[in-house]
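Trainee: Please show me the model, and let us then work through it by question and answer.

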Amino acid sequence: MRFEHLDRIVFLDGAMGTVLQQRGLPPGGQPELLNLTDPELLLSIHRDYIAAGSEIIYANTFGANGLKLRSSGHSVEEVVTAAVSIARRAAEGTGARVALDIGPLGELLEPMGSLTFERAYDLFCQMTLAGERAGADLAVIETMTDLYEAKAALLAVKENTALPAFVTMSFEGGGRTFTGCTVASMAHTLEGLGADAIGLNCSLGPDQLAPLLRQLCENTRLPVIAKPNAGLPDPVDGHYDMGPEDFARALVPCVEGGVTIVGGCCGTSPEYIRRLRAALADYAPSPRRSGGGSFVCTPVTPLRIDGVRVIGERINPTGKKRFQQALLENDLDYILDVAVAQEDAGADILDVNVGFPGVDEVEMLPRVVKKIQSAVSLPLQLDSSNPAALEAGLRVYNGKAAVNSVNGEAAVLERILPIVKKYGAAVVGLTLDKGGIPQTAEGRFAIARRILDAALAHGIPREDVWIDCLTLTVSAQQDQARETLLALRRVREELGLQTVLGVSNISFGLPNRGLITQNFLVQAMGAGLTVPIINPNQKEMMDAVAAFRVLSGEDAQCRAYIDRFTGQETKTAAPSAAAPLTLEDAIARGLKSEAAALARTALAEEDELSLVERRLIPALDRVGEGYEQGKVFLPQLLSAAQAAQSVFEVIRASIAEKGAAPVKKGHLIVATVQGDIHDIGKNIVKTVLENYGYEVTDLGRDVPPETIVQAAVEGQVRLVGLSALMTTTLPAMEETVRQLRALPHPPVTFVGGAVVTPEYARSIGADYYAKDARESVEIAREVFG
Amino acid sequence: MAEELTAAVRPRWTYRVFSLERTAEGIRLAGTDFLLPGKTAERMLAQCGQAALFACTLGAEFDARLRSSQARDMAGAVILDACGSAWVEQGCDRAEREIAGRFPGMYLTDRFSPGYGDLPLSLQPAFCALLDVGRRLGVSVTDRFLMVPTKSVTAVAGLSDRPQMARIRGCEYCSMQTTCALRKRGMRCAL
């Protein structure tokens, strides 16, 4: 069955779970086991659906994954094979197709839960391999609320089977899934990844899904599926409130709006499908105003490129010693800080470049992508010339990313474009090739066209091709600024493509660089630059973008501009009339930027180590004493720690500039033990310890004992801190301590967390009990001296 | 900030009401295999013919907000985390009011949860499956019985035709009765 150009409406089946409940399965049971215990019951339901007019029936495999079956005593292979065989039997001789049904795994993926993307992929592979072997005609991934999980499942289908793949997700009435995913983000991401049809199922009735289905049709070229519930369930008795006739009637406008594949979810039955067929007997697929438009996204942030969109350039080690040091030391928190600062400064997309000698990009890029996506919601542009690194990064990226970059060289295009296509990314093409950068606008335009043609030939749509006409330094080649702008204008006007430009280079070697760069940015936007790559932390650059958006009409009613600039004067013009602030005061009061500024001044007179030992630590200690006496509360303690952190940042940058050895008072590990997902307490301990100058390796939450032991051995770590919040996870703490003590050179251990007591700490053989973050500092002092 | 949060934080809940059958192993929810074993359930539901099982969550969006907040401002994150715990309890209050509204003339017991008293935490997976919280609320249970998103609560409230005495809520029943800082100042918390 081909789904690209459907010339008629296709009918799916209705509910399985709620029909089974009507036939006596108690709620909360595991319906997949019926494949083994009561095949005849399932066979009769499938047959009823086919008789009612279903052309595609879903085998009873929704929850037949390795996690949900783990304590059932049956394998995925066994259950899936049985389920598909039953559906095949029902379909025999009827022309109906059998779908392998793939529902959510039942545990949440990182960063929400602790299931990794890679593990989720493996779990889905078990299902898809078994499903295809058993004779499924297609795979349907349904009821997903996490786009990341849907991506893992879709890759598992596409990479391991030849089955067509449908993907449907569940939305709330507000237009987002439980995890915050928007309809547009879903559409663009899944279409890019090669789904054959996409749609919405479950959660709501057809009337409430209609506006969301309309949005979906506007955002994709793919056939759109609707498989709604029979209205909403009554919580008291679980009964759904919409009858078959109303259900069928409510789906008609959805089909008129472009939906071509229809069925029912919870609360529906064969009767619903019968009425649906009757109601839609005279309907053919409606013409659609499809997709189009440049777009990148994360699940929660859909970003349409229909005006100027700023790419932040700061996640890049080139020329930044502090960043290089962070990369070499695996300090992903620093990289996250750089990302957060750019998001807060108003960037729309973040460029991510981690290429540096001594850094394994293939391993580092996906880790950095995951780290940034754990706390920043902006779309990313992965910046590397290493195809393996790009693939590794794109694979774990949640949403639709951009890739920076390809150029006009055939070998480069052949290497990178297949990866861009596979993961549905947008791609930046630099207008240069083997012969270098053409000196004329004509030459660069010709390369742009060549890149576009190559992309189209690889099946990448033109809205996903972004062209960079390249900025050259104006003080070295003064005629080139004009050529860049000319080429850019032609690419925009004649090819209609998005244009990217890193503008900062323009002013290299000149005094008052900001002025030149800002002017060039303004001229470039005037010539049609849509995606400037700049440092969003430079206010004059973002100001220029804000002004341009007013003049271009993009900033309706000048709202964003007014928001940006009103109240600013009053904010900056209020210097304290009181006595001048000391570094110690600034730390105690948690004033981050003031503390950093004072530290910079102080470094003119004393060296880094003395600043830490004589001023920073005593200041923190005073706050800590206040906390112990109950005069200072936890948020204030943390504010002080963060102000100290900003001082440490100044010190680290100063040391990195000099190329000297960093200030390190000792290296320790912290982790929340296996099974526990509450990590705020551990994070507090980490924040405070770091700001006393200790190097803290944070292994995260739900960390197996073996991982902690391995990290302790590899890092030759002398101190390990473990946290647990729940009584149920205390055994994991005990086991971790046991394994650490069994090492030939056991590290010192300290433990803490809501349920941990000094007596318990002693009983499991931990060296210290830490009541709070403050005590962990005392312990570190004792251990490291 | 406060307004932004109030707009963004939205507790969702779902519930089912079951008749109760008393068996040797504990209290069974009619029409299911689900048992509420132990003394806590027995005492709390002593005068109840029915009980509502409910779940309430602030959802993955709140956890995302908390992660984002921790990357920016740990002090703010600690406060947000504490607020989240209060908000989800408030969501439970609203769920209870909705349930009470469906049963005029009936009285709800204080709510109690798996992990409270001798009601085992290991009930959590079956409890959540019964309410279909994955589909309804986007909540999942780990193999150590913790719920994700983290600001999620499951609870039971009995329905009785007689007024129910407080057994859990209020200072008299609180484990912090003698140490509570609020109480020393003559105040009390919302719980």
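**Helix, strands, interface and backbone**

Mentor: In H18(A), the buried residues are Thr517(A), Gln518(A), Phe520(A), Leu521(A), Ala524(A), Met525(A) and Ala527(A). A residue is buried if 20 or more other C-beta atoms lie within 10 Å of its own, exposed if 12 or fewer, and partly exposed in between, with C-beta atoms placed from the backbone. The model is predicted, so local features need pLDDT of at least 70 and side-chain atom pairs count only at pLDDT 80 or more, whereas totals for chains, interfaces and linings use all residues. Residues are numbered from 1 along each chain as its sequence is written, and chains are lettered from A and ligands numbered from 1 in the order in which they are written.

Trainee: What distance separates the end C-alpha atoms of helix H18 of chain A?

Mentor: Helices (H or I, at least four residues) and strands (E, at least two) are DSSP runs, numbered from the N terminus. The expected span of a helix is 1.5 Å times one less than its number of residues. For the 15 residues of H18(A), 513-527, this gives 21 Å, and the end C-alpha atoms agree, lying apart by 21 Å.

Trainee: Which elements are included in what covers the buried residues of H18(A)?

Mentor: Cover is judged by contact, which requires C-beta atoms, placed from the backbone, to lie within 7 Å. The elements of chain A included are helix H17 (480-495), strand E17 (498-502), strand E18 (531-534) and helix H19 (539-551).

Trainee: Which strands pair with E4(B)?

Mentor: Seven of the eight residues of strand E4(B), 50-57, are buried, so the strand is largely enclosed by the rest of the structure. Two strands pair if DSSP finds at least two bridges between them. Eight antiparallel bridges link E4(B) to E1(B), with Cys56(B) as the bridge partner of Trp13(B).

Trainee: Which element gives the most to the side of chain B that touches chain A?

Mentor: The contact takes 42 residues from chain B and 39 residues from chain A. Strand E1 (12-23), helix H3 (59-72), helix H4 (74-102), helix H5 (124-131) and helix H6 (133-137) of chain B each supply at least two residues of the chain B side. With 10 residues, the element that gives the most is H3(B).

Trainee: What is the radius of gyration of chain B?

Mentor: Chain B comes to seven helices and eight strands. The radius of gyration is taken over C-alpha atoms, and the globule rule is 2.2 Å times the number of residues to the power 0.38. For 191 residues the rule gives 16 Å, and chain B is as compact as a globular protein of that length because its value is close to this, at 18 Å.

Trainee: Where is the cis peptide bond with omega near -5 degrees?

Mentor: Most peptide bonds are trans. Pro149(B) is found in the loop between strand E7 (147-148) and E8 of chain B. The cis bond with omega near -5 degrees runs from Val148(B) to Pro149(B).

Trainee: Is Leu470(A) buried or exposed?

Mentor: Leu470(A) is not a glycine, yet has a positive phi of about 70 degrees. This residue lies in the loop between strand E16 (465-468) and H17 of chain A. With 22 other C-beta atoms within 10 Å, Leu470(A) is buried.

Definitions and conventions. Contact = placed C-beta atoms within 7 Å.
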